[in-house]
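Reader: I'd like to learn how to read the features of a protein model one by one. Could you take me through them, giving the general idea before each case?

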Amino acid sequence: MNHDSSSHVLASVLATEIESQPAGTRIATHRELVRRFGVSATTVSEALAHLAGRGLIASRPGAGTYRTETRPMPRPGDTSWQEAALELTNNIDSATGTTRRYKAPALLGALASPGPDVVDLNGGYLHPGLQPLTHLSTAFSRAARRPEAWNRPPAGGVPELRDWFAADIGGGLGRHDILVCGGGQSALATALRALGQPGDPVVIESPTYPGTMAAAHAAGLRTIPVPLDVEGLRTDYLDDALTRTRARIVIVQPLFQNPSGASLPVQRQQAIREIARRHGAFVIEDDFARHMGHADAGPTPPPLIADDPDGTVVHIRSLTKVASPNLRVGALAARGPVMARLRSAHVVDTMFVPAPLQYTVLELVTAPAWRRSLAALATALEHRRKVAVGAVTATFGPDALTVRPRGGYHLWVSLPGHLDGAEFAAAALVSGVALTPGDHYYPVDSSTPHFRLSYVGAPSAADVDDAVRRLAPLLAER
């Protein structure tokens, strides 16, 4: 049975049980459902999301999930025809023989709420205790009082915000080199559709962020994985991949790569730009962690676009990671005619980013408190990283971490060879710890088991330490 079928079957079984329960009844936790049915955490999350969509259950933050008030039953219909229609659509021959795919279980799993009794070492967004909530509220209030916040903004973004992004990215960029987008994932999806045609190859890092693979597949692109070392994408394999496939798009994460934590030194950046330029390829630079350097990180390399007069690099920057997951505002930066293509694709996708959100960001990043909040976050992230590294080395051994990045929000942890990453993550959830299995980050099967540990979603560093050490009994050979 495939993953989609499993979640639908589980949803059907749970619906039968829940429908007979009175409103206000507390539903079993993720842990309990994983243990009871022997399925993955992702399957449970998708089944519960389906039930929530039907209105059978609702989550109460910090309290759990409950049966909702009984609603009048709608007139029953037969939607089974949709499965056949969707299947036929997927198999209609295209000119390239490649279809677009909208399956993103790994990405959905990253957004799942693990429940109040589970320590979240899975999510990639700051716990509210790490967010600049006071500054966000102030910025939102000031933005709402601006009369221009309720007018339609320019399609490319509010001019003052584009100016700020241009200065923040650097490299002599100007307002007209910037396009304001609805967060990093939206910017990536727009860039891939603008630069590629269905069936085209796109070079990606291996391992890489699941959202990169999901966006490429949704655009109908063929992913070409290139391995990493401790300094990021390997240039010898990149040159070979571009020669063999004639790919015209390369996607890299220059700082604190997700999931490996590697950062591209200046020399590696230069080599990647030169190789891509020689092959006539664009480099999409997903600079998601630019403002997530830790207090002990020291100077970080500039972005690839900073030294790119020929327009090889299309740069992505977002503020959601260092502010709030709801502050979905980011930027695409590029030089040359490609910006016209990006702007057209963006208009088709979203028309424009709402002005109140853009002005909230502008109020936030131009206030004196912005730099102070980034400095406070850098100190908090350093502390959490040190706690997480200590717990991992004590529990999994000193060789479990190849890279110990002084930036970002995660660690890439090697597992003993006798363990399976997905099974380990499922067992961890039963023990009250939500992790991301390493398989989610590979476009093809990996021979080495890993998991990604995020240390920013838990309430405190002490919670991170306790959760990691709680995993020790799961390492024993069976």
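**Salt bridges and other features**

Reader: Let's start with charge pairs: how many salt bridges are there?

Author: A salt bridge is a side-chain nitrogen of Lys or Arg within 4 Å of a carboxyl oxygen of Asp or Glu. By this rule there are 21 salt bridges. Before we look at some of them, note that this is a predicted model, where local features need pLDDT of at least 70 and side-chain atom pairs count only at pLDDT 80 or more, while totals for chains, interfaces and linings use all residues. Residues are numbered from 1 along each chain as its sequence is written, and side-chain values use heavy atoms, with hydrogens and water left out.

Reader: Which residue forms a salt bridge with Arg 175?

Author: The partner is Asp 163, and the closest N and O atoms are 2.7 Å apart. Arg 175 sits in the loop between α7 (159–169) and β4 (178–181), while Asp 163 belongs to helix α7, 12 residues apart. For such names, helices (H or I, at least four residues) and strands (E, at least two) are DSSP runs, numbered from the N terminus.

Reader: How should I read burial for that pair?

Author: Buried means under 20% relative accessible area, exposed over 50%, and partly exposed in between (1.4 Å probe, protein chains only). Arg 175 counts as partly exposed at 33%, and Asp 163 is partly exposed too, at 31%.

Reader: Where do Asp 310 and Arg 277 lie?

Author: These two form a salt bridge, with 3.8 Å between the closest N and O atoms. Asp 310 lies in the loop between β9 (282–286) and β10 (313–318) and Arg 277 in helix α11 (residues 266–278), so the pair ties together parts that are 33 residues apart in sequence. Asp 310 is exposed, at 56% relative accessible area, whereas Arg 277 is partly exposed at 46%.

Reader: And Arg 385 with Asp 296: are they buried or exposed?

Author: Arg 385 is buried, and so is Asp 296. Their salt bridge brings the closest N and O atoms to 2.8 Å apart. Arg 385 lies in helix α14 and Asp 296 in the loop between β9 and β10, so this pair ties together parts 89 residues apart in sequence. There is also a network: Asp 168, Asp 287, Arg 290, Arg 317 and Arg 371 are joined by salt bridges that share partners.

Reader: You mentioned α14. How many residues does helix α14 have?

Author: A helix's length can be checked against its expected span, which is 1.5 Å times one less than its number of residues. Helix α14 (residues 369–396) has 28 residues, and from its first C-alpha to its last it reaches 39 Å, close to the 40 Å expected. Just after α14, Gly 397 takes a positive phi of about 100°.

Reader: What about backbone angles in general?

Author: Most residues other than glycine have a negative phi, and most peptide bonds are trans. Here are two cases of positive phi. Phe 256, not a glycine, has a phi of about 50°. Phe 256 is found in the loop between β8 and α11 and is buried, with a relative accessible area of 6%. Met 351 has a positive phi near 65°. Met 351 lies in the loop between α12 (338–350) and α13 (355–365) and is exposed, at 51%.

Reader: Which residues does a cis peptide bond join, with omega about 10°?

Author: That bond joins Ser 206 and Pro 207, and Pro 207 is in the loop between β5 (201–206) and α9 (210–218). A cis peptide bond also joins Asn 258 and Pro 259, where omega is about 20°. Pro 259 lies in the loop between β8 (249–252) and α11.

Reader: Last one: which residues gather in a patch of negative charge?

Author: Patches are made of residues with over 30% relative accessible area and no salt bridge: like charges are joined within 9 Å, nonpolar side chains (Val, Leu, Ile, Met, Phe, Trp, Tyr) within 5 Å. On the surface, Asp 420, Glu 423, Asp 439 and Asp 445 gather in such a patch of negative charge. One of them, Asp 439, is found in the loop between β14 (436–437) and β15 (450–454). Asp 439 is partly exposed, with a relative accessible area of 41%.

Note on methods:
Areas by Shrake-Rupley, 256 points an atom, 1.4 Å probe, with all protein chains shown as cover. Lys, Arg positive; Asp, Glu negative; His and termini not counted. Charge placed at Lys NZ, Arg CZ, Asp CG, Glu CD.
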